[in-house]
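Please keep the sequence and the structure in view while going through them.

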Amino acid sequence: MARPGHTGNRPLVEEGEDEEDPLDAMISRTGCAARHRELQECMAARQDWRHCQPQVRAFGECMAQHQRAKEPRRP
């Protein structure tokens, strides 16, 4: 059975080790970490993503802006 979170098939980190989740690291590099955290907090509180649509949209827009900024400019 899959473990919760973004760990995928990586082995569990031993207690006391500080290893950042690769997905969390990628989100941090986009500048969207605050939006992602807001979405996670809503999901934890509400237990239903349908009640977190403003946070879902804000995170999605932030990620889309990051993606557009990454794309090469066309002449």
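Predicted model: local features only at pLDDT ≥ 70, side-chain atom pairs only at ≥ 80, totals over all residues.

Which side chain meets that of Asp 48 in a salt bridge?

1. Residues are numbered from 1 along each chain as its sequence is written, and side-chain values use heavy atoms, with hydrogens and water left out.

2. The partner of Asp 48 is Arg 50, and the distance from N to O in this salt bridge is 2.8 Å. The term salt bridge stands for a side-chain nitrogen of Lys or Arg within 4 Å of a carboxyl oxygen of Asp or Glu. Side chains of opposite charge can pair when their charged atoms come close. Asp 48 counts as buried because its relative accessibility is 16%, whereas Arg 50, at 58%, counts as exposed; here buried means under 20% relative accessible area, exposed means over 50%, and partly exposed lies in between, with a 1.4 Å probe and protein chains only.

3. By this rule the count of salt bridges comes to 3. One of them joins the side chains of Arg 35 and Glu 38 at 3.9 Å, N to O, and these two residues both lie in helix α2, 3 residues apart, which is about one turn of the helix. Arg 35 is partly exposed because its relative accessibility is 39%, and Glu 38 is partly exposed at 39% relative accessibility. Another salt bridge brings together Glu 61 and Arg 68, at 3.0 Å from N to O; Glu 61 is partly exposed at 38%, and Arg 68 is partly exposed at 44%.

4. Helix α1 covers residues 22-30, and its buried residues include Ala 25, Ile 27 and Thr 30. Helices are DSSP runs (H or I, at least four residues), numbered from the N terminus. Among the elements that cover the buried residues of α1 are α2 (33-46) and α3 (53-70), where covering rests on contact, meaning heavy atoms within 4.5 Å. After α1 comes Gly 31, whose phi is positive, near 90 degrees.

5. Helix α2 has 14 residues and reaches 20 Å from its first C-alpha to its last, close to the 20 Å expected at 1.5 Å a residue; the expected span is 1.5 Å times one less than the number of residues. His 36, Leu 39 and Cys 42 are the buried residues of α2. They lie on the same side of α2 because they cover an arc of only 125 degrees around the axis, the arc being that of the directions from the helix axis to the C-beta atoms. These buried residues pack against α1 and α3, while the face turned away from the buried side carries the exposed residues Glu 41, Ala 44 and Ala 45.

6. Most residues other than glycine have a negative phi. Gln 47 is found in the loop between α2 and α3, and it counts as exposed because its relative accessibility is 65%.
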